[in-house]
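Reader: Here is a model I would like to go through piece by piece. Can we take it as questions and answers?

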Amino acid sequence: MKPLFTKPLLPYHAGFFLLVAVTGIVISQLTTEYIILFSILAVEYFILVVIMLHVYDKYMKPVKKAAQTVDEFIKGNYRARVHHSTGGSIGELSDKLNVLARNMSEFKIQEQVQEEQLSTVIDNTQSGLILIDDKGYIHLVNRKFISLFGGETHDYHGYLYYDVLANETIHETVQETFLYERNIIHSFTQFIGVDKKYIEIIGAPIFNERNMLRGAVLLLYDITHLKKLELMRKDFVANVSHELKTPITSISGFAETLLNGAMDDKDTLRDFLMIIHDESTRLQELIEDLLKLSRLEKDDFKLVRTTVDVNSLVSEVMPIITQRAEQKGIDLKTDVADDVMLEAEAQQVKQILINLLSNAISYTPESGEVRLAISEEDNNVHIQVVDNGIGISEDAIPRIFERFYRVDKARSRNTGGTGLGLAIVKHIVDVHDGTILVDSEQGEGSVFHVYLPKSEEVSSQSMG
Ligand SMILES: Nc1ncnc2c1ncn2[C@@H]1O[C@H](COP(=O)(O)OP(=O)(O)OP(=O)(O)O)[C@@H](O)[C@H]1O
Ligand SMILES: [Mg+2]
């Protein structure tokens, strides 16, 4: 039981005691009947006070407490609780308020979680996002948008889009989305530092349940890699056409000259037929290389790995290469460790060796040196092709694996090169989950390092 005399009733007690004091002074002047009457009144008053205090403690105080708790709920504090151990309807009210608080607190937590999930999704999406209301005010920009356009969130929130975004294409997209009330797609370029980015922007109108336009959401996609692929495809088609055109023009030109009478001269006939033969061989090689590349690039390309004995592979390759080296008077050395085994597609590894060794011989002057070294290193087989030839300049190194790239077009064409050899090597190394590195200095020579994982498990482990 709580103490009966609580602070709120102090003024009443004080008043009562004052009254008793005054009454005492009056009584001292009165007769016995009056004294009895006053005493009865005093006792009745006392009983009344006790009843009032009881009512206050049992009913008014819990209601007041409940009101204070509801005030806390209004402020958003759902952790507030009514602590009052009374039974009856007041106790029931307290319990229900506590249940209500618990439910509201759960709702609030759920709402917070959903809000956090949504903002995580919006912020981590790889597309820029802007939300604009029907008056043109920006309500939301995500992290990707900030990374594309700079600034901070507060530089955009609450501002009119045309005041804070200078890009004309964005303005056009917003205006057309509002005007035509349908999805609008545009694209533009944007510089981020020195990087040129291609951005595709999609404006989508937002409608309310009565189908009235309420704003627009703008999505910005970075399509730089797609543009680059498109450019590469265009370049590739142009390059292939060019590479095919040269030998075909030459073949048809010489054939025409022969038909026009030159074939009557035996020597000319022989010379021209030699040229036609060489050019058609070149054409054939080019087409074979293109087919090799397209097979490697196919989405459903599957490696057929077998256990390859590297030594026997080298002995299959050497006769082809030795002949070419001898023709140029190049000293060809091999240094292959014993019992090196590799899980790979034998034909493809052979292609790596042929292409790298052919290059080393082609780009090394007569009486130079070329060396093939193969060893085991940790989980990899390390293939090294070393030459002391013309070398490759630093700025050309990153480009030599591109299709059709040749450092010196004229010289390479003399060697019969098409510029596809290293592109094929790179693809083969990639499909085996290996690595290729180049060490080269102009005028000094080059070293091509290829690391191939010894087995499929090793390669998948290193990838994971
Ligand atoms: N060992 C090397 N030394 C110097 N330059 C090299 C060497 N290997 C490659 N290069 C340079 O890289 C370019 C690309 O080589 P790649 O093998 O792809 O083409 P290619 O030899 O010209 O023609 P092919 O398709 O017939 O091999 C060459 O044109 C050459 O300029
Ligand atoms: Mg080559």
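Reader: Which residues does the UniProt annotation "domain: PAS" cover?
Author: This is a predicted model: local features need pLDDT of at least 70, side-chain atom pairs count only at pLDDT 80 or more, and totals for chains, interfaces and linings use all residues. Residues are numbered from 1 along each chain as written, chains are lettered from A and ligands numbered from 1 in written order, and side-chain values use heavy atoms, without hydrogens and water. UniProt positions follow the numbering used here, feature names are shortened, and annotations may be inferred rather than shown by experiment. The annotation comes from an unreviewed UniProt entry and covers residues 114-158.

Reader: How far apart are the end C-alpha atoms of residues 114-158?
Author: Helices (H or I, at least four residues) and strands (E, at least two) are DSSP runs, numbered from the N terminus. The span is 40% helix and 22% strand. Its end C-alpha atoms lie apart by 23 Å.

Reader: What separation do the centres of domain 1 and domain 3 have?
Author: The bounds come from an automatic or database domain assignment. They give domain 1 (7-106), domain 2 (125-222), domain 3 (229-297) and domain 4 (306-463). Taken over C-alpha atoms, the centres of domain 1 and domain 3 are separated by 110 Å.

Reader: Which strands are the edges of the open five-stranded sheet?
Author: Two strands pair if DSSP finds at least two bridges between them. The sheet has mixed pairing and the order 7-9-10-12-11. Pairing on one side only marks the edge strands, strand 7 (331-336) and strand 11 (435-441).

Reader: In strand 12, which residue is the bridge partner of Asp387?
Author: Strand 10 (residues 380-387) and strand 12 (residues 445-453) run antiparallel, joined by eight bridges. Asp387 has its partner in strand 12: Ser446.

Reader: At about what angle does helix 10 run to strand 9?
Author: Axes are lines fitted to C-alpha atoms, for helices over the stretch in contact (heavy atoms within 4.5 Å). Angles run from 0 to 180 degrees between N-to-C directions. Helix 10 (residues 346-362) lies across strand 7, strand 9 (369-377), strand 10 and strand 12. Its angle to strand 9 is about 145°.

Reader: Is Ser367 buried or exposed?
Author: Ser367 is in the loop between helix 10 and strand 9. Its phi is positive, about 60°, although it is not a glycine. Buried means under 20% relative accessible area, exposed over 50%, partly exposed in between (1.4 Å probe, protein chains only). At 63% relative accessibility, Ser367 is exposed.
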